[in-house]
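Let's take a walk through this model, from the overall make-up of one chain down to single residues and then out to the neighbouring chain. Keep the viewer open as you read.

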Amino acid sequence: MIKTDALIIGAGPTGLFTAHQLKLIGLNCEIVDNLDKIGGQCIELYPDKPIYDIPAIPECTGEELTNNLIEQLKPFNIKFHLSERVDELKKNNSNWEIKTNKGTKFSTPNVIIAGGVGSFEPRKFNLKECQKYENNSVLYSVKDKTVFKGKTVSIFGGGDSAVDWAIELSKDSKVNLIHRRDEFRGAQLNVNKVHDLNKSGKIKLFTKYQLKTVNGKDNLENIEIESDDKEIKKLDTDYILGFFGLIMQLGPIADWGLNIDKKTIPVDTEKFETNQKGIYAVGDICNYPGKLKLILSGFHEGALAARACFKLARPDEKYRFEFTTSSKTIKNRLGIKE
Amino acid sequence: MAKITYIEHNGKNHTIDVTNGLSVMEGAVQNNIPGIDADCGGSMACATCHVYVKEEWFNKLPKKEDGEEDMLDMAFEPKKISRLSCQILVSDELDGLIVNLPEKQV
């Protein structure tokens, strides 16, 4: 059981800056995020898109913003728990007990939800029959590529993941690449490679096709794909890989006894506390009159929630407001030597 | 101002007046029409305001910008006539537009 003053759920810009604020006022914290990297929507949805409304930064990309926030956290040794999703949250006396899907447990008086629009999950096939084979022969990520050796793999999707895996797996497997339109959004160099491999027969390319049925008994045997013009093709296959990007789902947050209104969590604007004492919501996931879904609003909300955490984490101490420009204590925490 | 009809997957109709300059997505969200989630708030970073527009209207709409088709790859059951409603801006010319909502957004 990890004991901490505050647990932050979500490593997007708001979660990162909230961690900074907590450490600045002398509280420790850890961060959990379901993605395998730091940055949240900024890194997952728009790493290359310029953002123009971060105060004092005329222009920066989602990736640059994330890197700067990580840089700003450098003086503090913050523990990140990536690729972990918080599944359970229970009250135990004055503390919250949290458990992730990987079994990590935390005990803390303060939980700050900086979860954006929820956790990122792979978008799955719509066909019900796919569920039967999920994790066996219907997969949404590759954990061990050796299982495909000598097998037939049908890959669906048009982005980098689909294109890159089609190329990689074509070395040792029979590969079908199926996409709903002619254009691929993967890197051009690799898209060209796919077309070359298609010509040389290493990859069978089916564009303007989508998955129609999956057939088999205990094991997957074949699939039918259907074109825009309703033409159906039957393909024998051992595995199906779906790469349709990630979708955001509120997930387990919905089960923690919090008030939820249209996928957002109502909070007060003093502490950004939810209807549960010691649970706060900041950034895109919180809601209050006048709420703007801007990164700068998330920063403000995180700064105030951090101060609220102080009361519960240090009940016998009094919080004193200090400026980074003048406070010796803060400079010590930042490791600045004068 | 344009009258826009949103047809839910179950066939339920909603016809509302949407002010020029708003997106078809915003028209739905501001009027609490179920079936359009708009998770990313209109920044073309998700595909949860996905709608189908029948050919007669589809061809009259301004063409998709780069990126919209890429996002539509990630929509639920995308078709040739799929659009992201956050990318359709309302003007007088769209008076009478009908959009059909998919079974679900995610």
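How many helices and strands does the secondary structure of chain A come to? The count is 8 helices and 23 strands, where helices (H or I, at least four residues) and strands (E, at least two) are DSSP runs numbered from the N terminus. Before going on, some housekeeping: this is a predicted model, so local features need pLDDT of at least 70 and side-chain atom pairs count only at pLDDT 80 or more, while totals for chains, interfaces and linings use all residues. Residues are numbered from 1 along each chain as its sequence is written, and chains are lettered from A and ligands numbered from 1 in the order in which they are written.

The C-alpha trace of chain A spans about 70 × 45 × 40 Å along its principal axes. Of the 338 residues in chain A, 39% are buried; that label takes 20 or more other C-beta atoms within 10 Å of a residue's own, with 12 or fewer making it exposed and anything in between partly exposed, all with C-beta atoms placed from the backbone. Two residues are in contact if those backbone-placed C-beta atoms lie within 7 Å. Take the contacts in chain A between residues at least 6 apart in sequence, and 58% of them join residues at least 24 apart.

Now for some strands. β7 (residues 86-92) and β8 (residues 95-100) of chain A pair in the antiparallel sense over 6 bridges; pairing here requires that DSSP finds at least two bridges between two strands. Leu89(A) sits opposite Ile98(A) in β8(A). The two strands make a hairpin with 2 residues between them, and Asn93(A) in the turn has a positive phi of about 55°. β8(A) then pairs with β9 (residues 105-108) of chain A, again antiparallel, over 4 bridges, with Glu97(A) opposite Ser107(A) in β9(A). This hairpin has 4 residues between its strands, and Gly103(A) in its turn has a positive phi of about 95°.

Further along is an open sheet of 3 strands, ordered β16-β17-β18 (chain A) with antiparallel pairing. Its edge strands, each pairing on one side only, are β16 (209-216) and β18 (232-236) of chain A. From one strand to the next the twist averages 25°. β16(A) and β17 (residues 220-227) of chain A pair over 7 bridges, and Gln210(A) has Glu226(A) in β17(A) as its bridge partner.

Leaving aside neighbours within four places in sequence, Phe206(A) is in contact with Asn176(A), Ile178(A), Ile225(A) and Lys233(A).

Next, a helix pair. The axes of α5 (residues 160-169) and α6 (residues 188-199) of chain A come within 10 Å and cross at roughly 45°. The two helices are therefore oblique to each other, a word for angles that are not under 35 degrees (roughly parallel), over 145 (roughly antiparallel) or 65 to 115 (roughly perpendicular). Among the residues making the contact are Val163(A) and Ile167(A) of α5(A), and Val194(A) and Leu197(A) of α6(A).

Finally, look across to the other chain: 17 residues of chain A are in contact with 12 residues of chain B. On the chain A side, the largest share, 3 residues, comes from strand β20 (residues 246-249).

Key
Axes are lines fitted to C-alpha atoms, for helices over the stretch in contact, and angles run from 0 to 180 degrees between N-to-C directions.
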